[in-house]
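Colleague: I would like to learn how to read a protein model feature by feature. Could we take the features one at a time, with the general idea before the particular case?

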Amino acid sequence: MKTPIVSVLGALLLSAAPMLPATGLAVAAPAATTRSPDAIAADLAAKALASDLPMQIVTDLTTEIGPRLAGTEAEKRAADWAVARLKALGFDSVRQESFTITGWLRGEEKAEITGPAPQPLVVTALGTSVATPPEGIEAEVVVFKRYADLLAAPEGSLEGKIALVTEKTVRAQDGSGYGAAGLIRRAGASEAAKRGAVAYLLRSLGTHDHRFPHTGSQVYAEGAPKIPAAAISPPDAEQIERLVARGHTVKVKLKLTPSHPGTVTSQNIIAEVKGREKPDEIILIGAHLDSWDQGTGAIDDGAGVAVVTTAAKLIRDLPQRPKRTIRVVLFGAEEYGLLGAKAYAEAHKAEMGKHILATEADFGQGPVYAFNTRVADPKHPSIVRIQNALTPLGIYRGDNAAHGGPDIGPMMQHGVPVVNLALEGSDYFDTHHTPDDTIDRIERKRLNQTAAAYTVFAYLAAELDGDYRQARVADAPNTASGN
Ligand code: ZN
Ligand code: ZN
């Protein structure tokens with residue numbers, strides 16, 4: 001630690017800098033060249049903790065744009081909003097990179113128990129689900145309390161039935177409960193269809209007991225019939241479990257009318273703080289701009305957009321930029337299967353070797369509690385210095401098995417070293433992918449600590465020397481923070 005006097009002086013010079021006339025002579029250069037990167041990082045953390053910018057960005061995005069379903073006019077409006085905002089904040093090389101995806105639009109969604117005790121169910125279609133016939137599907141429900149039980153069911157055993165998996169999602173700080181349950185949503189419909197089911201329901205992948213169902217993407221397996229797939233709220237799943245446990249044959253009627261607009265366009269947004277010495281070397285901090293459509297995508301992932309934008313902005317405003325370039329990427333179409341991330345890795349294949357470290361903020365508002373890496377040498381002196389700068393924020397040194405975040409996975413496959421600033425996720429799956437994902441969930445203090453952690457990381461990663469390659473190139477990331 002430097003002496004307090006130096007820190008205070010530095011803070012005064014830094015805070016005075018924006019008020020100096022733009023002559024090019026008045027920049028507080030002496031302070032910038034004499035102060036250590038570690039001291040500058042501490043100043044940046046203090047600024048982030050006090051900044052209004054994170055709340056402003058997530059509030060503006062969720063208020064002015066609202067939901068941002070991939071490939072829709074709303075996502076495009078968000079992209080144009082982001083470009084204008086990033087330009088206004090003074091970033092370099094702000095641009096959109098378009099790619100095409102297969103579109104999907106939610107329609108009407110309705111479910112009810114028709115016997116023995118008629119009552120409405122709260123339901124939502126999974127992304128990419130096909131529609132039911134216009135009159136709906138009415139059939140007997142077969143309940144599986146474990147996903148493994150569905151997988152163990154013989155072929156043909158669900159002929160004409162609706163399969164319902166009611167396995168619970170376990171609350172965990174790092175989201176591993178969701179990671180473990182993810183396949184129930186992603187792959188369950190085709191597993192049920194292979195066994196003859198006419199529709200697939202699951203207990204929402206969520207950790208609460210309110211009646212908001214959670215949407216999310218699913219993928220039809222090749223060769224399996226495509227059947228409608230939807231999530232019901234936890235209390236609704238338990239109601240059906242109770243009826244079945246009492247020996248009743250439960251019948252459910254399901255009506256979904258999603259549509260498939262064909263090939264549509266999404267886009268990644270890129271903005272940079274160009275490095276002063278090694279501008280071609282990149283520290284990538286990402287988030288995703290698209291969201292599901294029921295809420296306004298505040299925790300998923302407006303918070304991440306706010307955090308990485310604030311981090312880069314605070315660094316951009318330093319009297320002296322760091323050595324390497326900081327690249328902010330706001331990915332499109334994450335929710336439909338990391339489509340923006342795949343498009344980015346493909347479009348930037350030639351410069352993957354210049355991506356020094358990459359990470360994403362896509363697990364809500366934080367706070368950050370651990371620093372995980374996936375680098376060749378987890379005891380590298382620069383990694384140690386980054387950790388030392390994070391420790392005062394209440395962040396411990398985690399493991400060397402980071403996945404970087406959902407959108408970082410495709411880059412990791414190209415050998416890009418990654419880190420995770422592990423975000424507190426105990427309550428993330430209470431509102432994730434529900435109508436309850438709104439700005440009301442965001443707490444300024446949590447968001448600002450997260451912004452501080454990303455700022456410290458991005459600055460030091462860009463300023464300190466280090467080659468972190470030869471990292472283990474992993475298997476596909478565990479999308480704990482998932483799409
Ligand atoms: Zn997300
Ligand atoms: Zn999501």
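Colleague: What spacing along the chain do the donors of the zinc ion (ligand 1) follow?

Modeller: In this predicted model, the donors of the zinc ion (ligand 1) follow the spacing H-x11-D-x61-D along the chain. D300 lies in helix 10 (residues 298–316), while D362 lies in the loop between strand 13 (355–360) and strand 14 (368–374), so this pair ties together parts that are 62 residues apart in sequence. The coordinating atoms come from H288 (NE2), D300 (OD), D362 (OD) and D362 (OD), at 2.0 to 2.6 Å. Both D300 and D362 are buried.

Colleague: How should I read the angles among the four donor atoms of the zinc ion (ligand 1)?

Modeller: The general idea is that ideal angles at a metal are 109.5 degrees for four tetrahedral donors. Four donors count as tetrahedral here if all angles lie between 85 and 135 degrees. Around the zinc ion (ligand 1) the angles run from 55 to 150°, and the site is irregular.

Colleague: Which residue coordinates both the zinc ion (ligand 1) and the zinc ion (ligand 2)?

Modeller: D300 coordinates both, and the two ions are 3.3 Å apart. E335 sits in the loop between strand 12 (324–331) and helix 11 (339–347), and H433 in the loop between helix 14 (428–431) and helix 15, so that the pair links distant parts of the chain, 98 residues apart. E335 is buried, and so is H433.

Colleague: Let us turn to strands. In what order do the eight strands of the open sheet lie?

Modeller: The general idea is that strands of a sheet pair through backbone hydrogen bonds, either parallel or antiparallel. Here eight strands form an open sheet in the order 3-2-9-5-6-7-8-4, with mixed pairing. Strand 3 (119–121) and strand 4 (123–125) stand at the edges with a single partner strand each, so one side of each is left without a neighbour in the sheet. From one strand to the next, the twist averages 35°. Within the sheet, strand 6 (residues 162–165) and strand 7 (residues 199–203) pair in the parallel sense over four bridges, and V165 stands opposite L202 in strand 7.

Colleague: In what sense do strand 11 and strand 12 pair?

Modeller: Strand 11 and strand 12 pair in the parallel sense, over eight bridges. The bridge partner of I282 in strand 12 is T325. Strand 11 (residues 278–288) is mostly covered, with eight of its 11 residues buried.

Colleague: How do I check the span of helix 9?

Modeller: At 1.5 Å a residue, the 12 residues of helix 9 (residues 234–245) should span 16 Å, and the end C-alpha atoms are 16 Å apart, which agrees. In helix 9, the residues P234, D236, A237, I240, E241 and L243 are buried. After helix 9 comes G247, whose phi is positive, near 90°.

Colleague: How many aromatic pairs does a search of the whole structure find?

Modeller: The search finds nine aromatic pairs. One of them is the tilted pair of F371 and F457, at 6.4 Å centre to centre with 50° between the planes. F371 lies in strand 14 and F457 in helix 15 (residues 444–463), so the pair ties together parts that are 86 residues apart in sequence. F371 counts as buried because its relative accessibility is 0%, and F457, at 0% relative accessibility, counts as buried too. Y428 and F429 form an edge-to-face pair, 5.0 Å centre to centre and with 80° between the planes. Y428 is buried, with a relative accessible area of 3%, and F429 counts as buried at 3% relative accessibility.

Technical notes:
Residues numbered from 1 in each chain as written. Chains lettered and ligands numbered in written order. Predicted model: local features only at pLDDT ≥ 70, side-chain atom pairs only at ≥ 80, totals over all residues. Heavy atoms only, no water. Helix = DSSP H or I, 4+ residues; strand = E, 2+ residues; numbered from the N terminus. Expected span 1.5 Å × (residues − 1). Buried < 20%, exposed > 50% of the residue type's maximum accessible area, 1.4 Å probe, protein only. Donors = N, O, S within 2.8 Å, 3.2 Å for Na, K, Ca; no water. Tetrahedral: all angles 85-135°; square planar, octahedral: opposite > 155°, others 65-115°. Phe/Tyr/Trp six-rings, centres within 6.5 Å; stacked < 30°, edge-to-face > 60°. Pairing = 2+ DSSP bridges. Axes fitted to C-alpha atoms, helices over the stretch in contact; angles between N-to-C directions.
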